[in-house]
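User: I want to learn how to read the fold of a chain. Please take me through it step by step.

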Amino acid sequence: MIDGGIVIVGGGPAGLCAAITAAQLGAPVTLIDDNPRLGGQLIKQTHKFFGSKSHYCGIRGIDIATLLEQQLSATPTKVILNTTVIGHFKPNILGLANQHTFTKLSYQRLIVATGASENTILFENNDLPGIYGAGAVQTLMNVFGIRPGKNVLMVGSGNIGLIVSYQLLQAGINVSAVIEALPKIGGYHVHAAKLARLGIPILTSHTIKAAIGKEYVTGAVICRVDKNFKPIKGTEKRLKVDTICLAVGLSPLVEILSQIGCEMVFIPQLGGQVAWHNENMETTVSGVYVAGDASGVEEASTAMLEGRIAGAHAAATLTGKFTEAEAIINQAKFELAAIRQGPFGEKAAKGKEKMMQTVR
Amino acid sequence: MSKRTSKRNTPTRITDHPILQFNRGREITFFFEGEPMKGYEGETIAAALVANGVKVFRYSEKHKRARGFFCAVGKCSSCLMVVDGKPNTMVCMEPLREGVRVERQRGRGKI
């Protein structure tokens, strides 16, 4: 059996930053991803990032993926692509599967940066073909250059819902409406304003009641909701759409962590079930770390910072380079705190605080 | 469905985009339910099917409900199909290959 040194599961922004940081501190690193290329969700993000220069502001997600990949390739990190981690064996062995084989890989430190999976919501016919998660729509149109449909109803006005709506328009697809159950728009107003200028209605206090269609989506029924999110009778409206895009949040992917036996906590502000972790991103199982959306759904900028912290701490405990690691960790913690002070970082900040209060 | 799937030069491929350029791989032929279709090397089977107007990928086991492409990242199992006779293949992660035979899956796959 091969030993992977510091094994990182997931090659998105968190995993890439963890790998780069750990490798730069001289630790042996193995990075595993189930896709044919690294970058995670960055490879479909055509929008420019916000924040400060060290958070790649003004650069598109797709270009950040390339930048991080270049930084990684300057290190001796071993990259395993097209491979899924399908299980954990005690004490410190991962089961890996690709299309052809099953192998085992042992680790000295493990960083789980598996990201999150798309949520769905309840409505009639919500399983019909033509209903996509927002990430899937992005994959189709921004990675493969394929239009999922001609007329789209977007459900959810958080940043993902707004950004993907704009990207749909850029791809030559009509967006019939963006609906939002809350009485106000969820995401940044700069994104909402772009849609408003193009005449796309953003209907707050609205929900989807049903998808219409037998074999696939041919329409949708939307309606108003009251203060308690209850549908208001008589407000139903039919929309002729062939695609319904759900941008209704994400849930952390935590299967490996819970299989390992990391203590889990349920924190709605972080997207649900997460592995408890300390300031250095270490879980209740010594040597097992978590970073990015898997540690609480947030955004790519914070995922990268958490990745740096996890990578630096894991590497220091292996190589003994505590002083160098400490500088990296302190800088990343400082930047994390700054991001979470903003109005859109508040939710995650509350979630992380709540977790810290759950003393382990 | 067959009317939809036999469409050639389908308009669902994006050619002009303000930000992105799509450098598609070699054009390849594959078969969906016996019918030849075109796709590109480097894309997944699921993507090629959507580009050809195929929406229904399988029928669920109990209620025989139509299921399509949902998550695109190998997490939801909505896109399990029979690929070269092999059932339960997650086509959103499976690369398209020359001559590959793809069929809708009905219920559980028989191995």
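User: What share of contacts in chain A between residues at least 6 apart in sequence join residues at least 24 apart?

Analyst: This is a predicted model. Count a contact when heavy atoms lie within 4.5 Å. Then sort the pairs by separation along the chain. In chain A, 62% of the contacts between residues at least 6 apart join residues at least 24 apart.

User: Which secondary structure elements does chain A have, and how many?

Analyst: Chain A holds nine helices and 21 strands. Its radius of gyration is 21 Å, close to the 21 Å from the globule rule for 360 residues, so chain A is as compact as a globular protein of that length. The C-alpha trace spans about 65 × 45 × 35 Å along its principal axes.

User: How many of the residues in chain A are buried?

Analyst: Buried means under 20% relative accessible area. In chain A, 55% of the 360 residues are buried. The chain exposes about 15,300 Å², and carbon and sulfur atoms supply 55% of that area.

User: Now one residue. Is B:Q105 buried or exposed?

Analyst: B:Q105 has 3% relative accessibility, so B:Q105 counts as buried. B:Q105 sits in strand β8, residues 105-106 of chain B. Beyond neighbours within four places in sequence, B:Q105 contacts several residues, including B:F57, B:Y59, B:L80 and B:V82.

Key: Residues numbered from 1 in each chain as written. Chains lettered and ligands numbered in written order. Predicted model: local features only at pLDDT ≥ 70, side-chain atom pairs only at ≥ 80, totals over all residues. Heavy atoms only, no water. Helix = DSSP H or I, 4+ residues; strand = E, 2+ residues; numbered from the N terminus. Rg over C-alpha atoms; globule rule 2.2 N^0.38 Å. Buried < 20%, exposed > 50% of the residue type's maximum accessible area, 1.4 Å probe, protein only. Areas by Shrake-Rupley, 256 points an atom, 1.4 Å probe, with all protein chains shown as cover.
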